[in-house]
Amino acid sequence: MAPRATARSPSYILPSVVALSLLSLVVVVYKVDDLATQTKTLAGHNLDPTPWHLFPPKTFSDETLHDRAYKLIHCSYLVCRYRNNDIPERRRPPSSSAKAPKCPNFFRWIHHDLEPWARNRISAAHLEAAKQYAAFRVVIVGGKLYVDLYWACVQSRAMFTIWGLLQLLARYPDRVPDVDIMFDCMDKPIINRTEHESMPLPLFRYCTDEDHFDIPFPDWSFWGWPELHIYPWNEQFRKIKRGSKERSWRKKEPFAYWKGNPDVSSPVRTELLNCNDTKMWKAQIMRQDWEAEARAGYEQSKLSNQCNHRYKIYAEGYAWSVSLKYIVSCGSLTLIITPQYEDFFSRGLIPRVNYWPISPNAICPSIKSAVDWAHGHQSEAKEIGQRGQDFMERLSMDRVYDYMFHLITEYSKLLDFKPVSPDSALEVCAESLICLADPKQRQFFEKTTAYPSASPPCTLQSADSNLIKRWRQKNKEMMEAVEDMNPKERRRLN
């Protein structure tokens with residue numbers, strides 16, 4: 001019997017299958033790359049700088065296109081969805097017997113900052129109108145955080161701001177209300193009170209002033225500023241305080257000292273350069289070259305090594321400056337050139353209690369006058385510096401989280417709609433941020449990971465508009481008293 005013939009596949013089948021497979025792979029790769037080029041991230045991928053404050057766009061040339069596409073899709077779409085939702089081992093519910101302390105008095109500014117919306121509340125239309133001024137939108141629903149990105153932020157500001165919010169959710173689980181927030185990450189308030197009087201727009205940022213509606217919120221550097229090698233706040237404060245004790249008051253340099261970048265379109269800092277004369281103006285003014293510092297590993301710019309003068313100067317930059325908390329932490333007599341802008345805690349600082357005010361209209365003579373006064377009142381000058389350092393020590397991360405909690409809680413009460421995550425927003429979790437982070441950022445994230453608090457937030461005191469008025473009036477009087485201060489005025493103050 002002849003052997004049975006076996007059916008043979010046509011010769012073109014295998015090549016066709018291979019070709020179809022390759023074509024499918026090409027389509028998949030194309031779609032992956034296309035999705036990656038449309039995916040915006042908190043690290044700055046596929047985002048342009050804010051048009052109201054331009055800066056060089058971010059580049060990500062250290063990754064191949066394939067690796068970058070995989071990273072963006074994995075970190076943005078998969079990590080939060082498949083993360084481990086186990087309860088942290090250190091989770092400890094608040095003790096029923098734990099009594100919350102009263103919040104510091106400056107927390108009452110929360111009521112003042114939100115007062116424009118107390119009567120008519122905040123509508124979805126308010127948020128939509130504020131969007132044109134925002135770098136991103138944060139929506140918290142059911143304990144999950146979503147971010148809608150519009151513009152890139154300088155360096156890692158956006159990443160660390162969102163990280164801080166995620167740690168707030170971890171610290172007070174099930175206590176942070178649903179909320180919808182527009183946020184800008186640049187230094188200058190933008191919602192002018194006169195221009196927007198008929199419809200105040202709610203916009204969170206790191207500072208505000210009397211002429212704007214912008215709502216101040218703790219800045220990103222409380223969780224660290226890796227680009228400048230500045231550590232998370234609790235750790236950085238300990239380093240500064242330890243450095244401040246290396247020299248006794250008598251052994252500290254008897255001059256007013258400032259070190260920073262004057263090339264930021266700041267009239268105050270430009271004028272301050274003219275004060276660099278220890279004989280005439282009793283001041284030492286140092287130009288900070290950040291590019292040179294980066295090449296040298298930031299060895300000459302450590303904040304803990306900059307507390308060797310009895311008097312330290314704070315000067316605003318392009319607008320508000322993050323440096324205030326580090327300068328006051330030194331325990332030197334802080335000479336604050338009367339600032340235009342306020343952040344959330346600076347309104348708790350009191351002239352001649354925590355610092356000495358300097359006239360912006362006569363900077364050099366005012367600095368000399370302050371140093372001359374301090375030379376004749378060493379004990380009092382030292383005490384003012386110490387009270388400034390004590391204030392900053394009380395501003396622990398516990399209080400920072402409490403401020404965030406109360407501000408968001410009070411703000412949420414003003415919303416006249418139920419927050420819902422927009423379709424264009426992506427969920428962000430701690431794991432997705434760690435996924436996007438570089439090694440230095442990841443290190444700071446690990447240092448600042450929060451766990452449920454064993455105690456409740458401090459108790460927010462009720463609104464007190466008279467307290468705010470008294471604070472502003474006292475500050476105004478003190479500023480006027482130091483305007484072109486002369487010996488006669490010094491005697492009047494004593």
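Buried residues make up 50% of the 494 residues in the protein chain. Buried means under 20% relative accessible area, exposed means over 50%, and partly exposed lies in between (1.4 Å probe, protein chains only). This is a predicted model, in which local features need pLDDT of at least 70, side-chain atom pairs count only at pLDDT 80 or more, and totals for chains, interfaces and linings use all residues. Residues are numbered from 1 along each chain as its sequence is written, and side-chain values use heavy atoms, with hydrogens and water left out.

**The chain as a whole**

The chain has 16 helices and eleven strands. Both are DSSP runs, numbered from the N terminus: helices are H or I with at least four residues, strands are E with at least two. Contact means heavy atoms within 4.5 Å. Among contacts with a separation of 6 or more, 75% join residues 24 or more positions apart.

**The cores**

A nonpolar core is a set of buried Ala, Val, Leu, Ile, Met, Phe, Trp, Tyr and Cys residues joined through side-chain atoms within 4.5 Å. The largest one holds 110 residues. Which of them touch the most other members? They are Phe-136, Leu-145, Ile-162 and Tyr-411. A second, separate core has 25 residues, among them Trp-258, Leu-333, Leu-335 and Val-482.

**Helix pairs**

Two packed helices are described by the angle between their axes and the distance between the axes. Axes are lines fitted to C-alpha atoms, for helices over the stretch in contact, and angles run from 0 to 180 degrees between N-to-C directions. Angles under 35 degrees count as roughly parallel, over 145 as roughly antiparallel, 65 to 115 as roughly perpendicular and the rest as oblique.

| Helix pair | Angle | Axis distance |
|---|---|---|
| α5 (residues 157–171) and α14 (residues 439–447) | roughly 20° | within 11 Å |
| α5 and α12 (residues 397–412) | about 90° | 10 Å |
| α10 (residues 363–376) and α11 (residues 378–394) | about 115° | 5 Å |

Take α5 and α14, whose axes cross at roughly 20°. That makes α5 roughly parallel to α14. Their crossing is right-handed. A crossing is right-handed if the near helix is turned clockwise from the far one by less than a right angle, and left-handed if anticlockwise. Met-159, Phe-160 and Trp-163 of α5 meet Gln-441, Phe-444 and Phe-445 of α14. By class, this contact has five nonpolar, one polar and no charged residues. Ala, Val, Leu, Ile, Met, Phe, Trp, Tyr, Cys and Pro count as nonpolar, Asp, Glu, Lys and Arg as charged, and the others, Gly among them, as polar.

Now turn to α5 and α12, which pack at an angle of about 90°. Here α5 is roughly perpendicular to α12. From α5, the contact uses Gly-164, Leu-165, Gln-167, Leu-168 and Arg-171; from α12, it uses Asp-398, Tyr-401, Met-404, Phe-405 and Ile-408. These residues divide into six nonpolar, two polar and two charged.

The last pair is α10 and α11, at about 115°. Again, α10 is roughly perpendicular to α11. Trp-373, Ala-374, His-375 and Gly-376 of α10 touch Gln-378, Glu-380, Ala-381 and Ile-384 of α11. The contact has four nonpolar, three polar and one charged residue.

**Single residues**

Tyr-326 sits in helix α9 (residues 324–328). Is Tyr-326 buried or exposed? At 5% relative accessibility, Tyr-326 counts as buried. Beyond its neighbours within four places in sequence, Tyr-326 contacts Ser-221, Ile-230, Trp-233, Gln-236, Ile-240 and Leu-303. Ser-304 is 22 residues from Tyr-326 in sequence, with a C-alpha to C-alpha distance of 9.1 Å.

His-196 lies in the loop between β3 (179–183) and β4 (204–205). His-196 is buried, with a relative accessible area of 9%. Not counting residues up to four places away in sequence, His-196 touches Tyr-133, Ile-191, Leu-201 and Phe-213.

Leu-273 belongs to the loop between α7 (267–272) and β7 (283–287). Leu-273 is partly exposed, with a relative accessible area of 29%.

Two arginines close the tour. Arg-121 has phi near 65°, a positive value in a residue other than glycine. Arg-121 is in the loop between α3 (109–114) and α4 (124–130). Arg-352 also has a positive phi, of about 65°, although it is not a glycine. Arg-352 is buried, with a relative accessible area of 15%.
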